[in-house]
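Thanks for making the time this morning. I would like to walk you through one model, beginning with a single residue and ending with the chain as a whole.

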Amino acid sequence: KHSDINNLYSAITGKPRLPLILTSDIGIIGDAAGPLAGEISHWQGDLKLILNNVPAEYNHSGTYLSANLFGNVAATGPIVDPQFKIDLDAKDLVISSSGVTLAEFRPVLRASGRYPILTIALHTSGTGGRLTAGDLRIEKVKIDIDQGRLDLHAMDLSIPRISLSTETLANLTASFNGNPNRIRLRVKGRNTGLGRTAAGSGYLPSDWRYHAEDILDLAFKWQADKGMSMDSRVDLTEFRFSSPEESRIGEAVQARLETTSRFSPSNGVIHSELKLSAASGEVLWDRFYFDLAATPFAAVGKIDWDPVQRQMSVDRLVTSLKDLLSFNISGSVEPGTQNTRMNLVVEMAESKAQNLYRHLIAEPFKFERPALSEIEIDGRIGGQASFSGEIDALIMKGRAYWKKGYFSKKKGSLTLSGIDLDLPLWYEATPEKNSGHPI
């Protein structure tokens, strides 16, 4: 029983009992011999533990594990440093730590070696498990390890290569090193299918078409005295996308997303810094066209996520299209299953009115309104607005200004200069019709 196994482990290793519970009988066959009087180190044995659907639970330092175990554990030689051979199948394995859960996982473990060093191999049987982290859900998770090293004395596990795959992700490899005081995990991949995974998880429209060559590099660290951190970089090359009606299209886009995240053990909040850039490719968004080589996109800022309160706080997220637009965003967003509530302040930095007019009005609407090409506009345009409430009942209040404005119509005598406008803005969405009307 579990008390006997824990007592045996403690007697052999001299360490405290394991945080492990086995809630069923375990069969033991074989023999052990040694002097009745004297040290246990003088004993020899040839023992085999047989497990047949034995429920097991492990709970320590915020990590929970449960499974039904099948197989056997054989130990031969001196009882203090026996030769081990382990063949175990785990059914319906569940591992949960720091808000991440892997469930319905069925690994097959093989290990051998002389105590305290074991060489281990692990392979996934069946279709794979299910990984969840907040709203993220990934199916058919498979993990395969050809050779790892486990030090039972130091409780240190080292795995130089892990093969990973899911229903939508492929070509992922990882390395792992961990003990009760620290964990390090590095994941790398090329052409992994991140677009399919993002669409399948609801982060991108599921009915759009995507193609991208991607490079992923993720480093996860955990230390008992410092908490958890994660650094990641994703490069997208030849990223192409299109909506079903092809009114939104991207071609040959190259983008990079870099994030640095820290987990606060005191309140559970995840603090992240992000940097996103797209410096080449072409995007058509409805009638608005952007050449990212001439007008690169960038976003830099800090975001905090509270998984308990389900609230995202934005601290000075700066997004920009070079020489065209720049926004400074701060506030909070609360995603919901039915609706999303926000309280954001958006500041638009002063921009050249000539560029805005050409990119956002004259060019997109030139076929419907040819006369727009005869108008010249200049000056500086900027503003500020607050957005509050739920998405389908959103209220926007703010102001927009035009400084040192200039307006001229080429084929006419109308010219205005020295324009200074400061206009109030107020807009409220109508939830009944899911549309909006100005107030």
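This is a predicted model: local features need pLDDT of at least 70, side-chain atom pairs count only at pLDDT 80 or more; totals for chains, interfaces and linings use all residues.

**A walk through the model**

Let me begin with Thr-295, which, if we set aside residues up to four places away in sequence, touches Leu-321, Lys-322, Leu-324 and His-359, where contact means heavy atoms within 4.5 Å. Residues are numbered from 1 along each chain as its sequence is written, and side-chain values use heavy atoms, with hydrogens and water left out.

Thr-295 sits in the loop between β18 (288–291) and β19 (297–306); helices (H or I, at least four residues) and strands (E, at least two) are DSSP runs, numbered from the N terminus. Is Thr-295 buried or exposed? With a relative accessible area of 7%, Thr-295 is buried, given that buried means under 20% relative accessible area, exposed means over 50%, and partly exposed is what lies in between, with a 1.4 Å probe and protein chains only.

Leu-47, in strand β3 (residues 44–60), is partly exposed, at a relative accessible area of 27%. Beyond the residues up to four places away in sequence, Leu-47 touches Ile-28, Ile-29, Gly-30, Asp-31, Ala-32, Val-73, Ala-74 and Ala-75. Its C-alpha atom is separated by 89 Å from that of Leu-372, 325 residues apart along the chain.

In helix α3 (residues 353–362), the buried residues are Ala-353, Asn-355, Leu-356, Tyr-357 and Ala-362, and what covers them includes β21 (325–334), β22 (341–352), β23 (375–390) and β24 (395–409).

Now to the rings, where the count comes to 4 aromatic pairs; rings of Phe, Tyr and Trp (its six-membered ring) pair if their centres lie within 6.5 Å, and planes under 30 degrees apart count as stacked, over 60 as edge-to-face and the rest as tilted. Trp-208 and Phe-241 are stacked, at 6.1 Å centre to centre with 20° between the planes. This pair links distant parts of the chain, with Trp-208 in the loop between α2 (194–200) and β14 (209–223) and Phe-241 in strand β15 (residues 227–242), 33 residues apart. Trp-208 and Phe-241 are both buried. The ring centres of Phe-239 and Phe-241 are 5.5 Å apart and their planes lie at 45°, so that pair is tilted. Ring pairs join Trp-208, Phe-239, Phe-241 and Trp-285 into a cluster.

Finally, the whole protein chain has 3 helices and 26 strands. Its radius of gyration is 30 Å, well over the 22 Å that the globule rule gives for 439 residues, so the chain is more spread out than a compact globule; the radius is taken over C-alpha atoms, and the rule is 2.2 Å times the number of residues to the power 0.38. The C-alpha atoms fill a box of roughly 115 × 40 × 35 Å, taken along the principal axes.
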